[in-house]
Amino acid sequence: MKKRKISRIAQEKRTVEIMIYLYCRKKEKNATLCPECKELLRYAYARLDHCPFGEMKNSCKQCTIHCYKPAMRERMRQVMRFSGPRMLLYAPLEAIRHLLR
């Protein structure tokens, strides 16, 4: 059986999605994504879809180009600060992959 490799952009999207869902569910106490978190997720997907580095990208924190608007960058920073450590409990494999990039 041949193992299918997931693209780097798809992996980043999955990690961001997990972080935003975790933030919205645990920090904001919502059962489903609130409108602000949905907007942030759509924005993050759009930025990843148009990343100039494509499949050769590093993680966004190591990127030389900041493609997020300042308000969205701050919102994502809050989400990552909260969700990053908790990902080890809720999505350990994703957390390890994210740390190794």
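Helices here are DSSP runs of H or I with at least four residues, numbered from the N terminus. By that rule, E94 sits in helix 4. Bear in mind that you're looking at a predicted model, where local features need pLDDT of at least 70, side-chain atom pairs count only at pLDDT 80 or more, and totals for chains, interfaces and linings use all residues. Residues are numbered from 1 along each chain as its sequence is written, and side-chain values use heavy atoms, with hydrogens and water left out.

**Around E94**

Let's stay with E94 for a moment. At 4% relative accessibility, E94 counts as buried (buried means under 20% relative accessible area, exposed over 50%, partly exposed in between, with a 1.4 Å probe and protein chains only). Helix 4 covers residues 92-100, and its buried residues are E94, A95 and H98. They span an arc of only 100 degrees around the axis, so they lie on the same side of helix 4; the arc is that of the directions from the helix axis to the C-beta atoms.

| Residue | Touches |
|---|---|
| E94 | Q11, R14, T15, I18 and M87 |
| C37 | I20, Y23, C24, E28 and R75 |

**Helix 1 against helix 3**

How do helix 1 (residues 8-27) and helix 3 (residues 70-90) cross? Their axes come within 8 Å and cross at roughly 90 degrees. Those axes are lines fitted to C-alpha atoms over the stretch in contact, with angles running from 0 to 180 degrees between N-to-C directions. The two helices are therefore roughly perpendicular to each other, a label used for 65 to 115 degrees. Among the residues meeting here are I18, I20 and Y23 from helix 1, and R75, M76 and V79 from helix 3. By class, this contact has 12 nonpolar, 4 polar and 5 charged residues. Ala, Val, Leu, Ile, Met, Phe, Trp, Tyr, Cys and Pro count as nonpolar, Asp, Glu, Lys and Arg as charged, and the others, Gly among them, as polar.

**The core**

A nonpolar core is a set of buried Ala, Val, Leu, Ile, Met, Phe, Trp, Tyr and Cys residues joined through side-chain atoms within 4.5 Å. The largest one has 20 residues, and I20, C37, M76 and V79 have the most contacts inside it. Helix 1, helix 2 (35-49) and helix 3 each give two or more residues to this core, with the largest share, 6 residues, coming from helix 1.

Technical notes
Angles under 35 degrees count as roughly parallel, over 145 as roughly antiparallel, 65 to 115 as roughly perpendicular and the rest as oblique. Contact means heavy atoms within 4.5 Å. Lists of a residue's contacts leave out its neighbours within four places in sequence.
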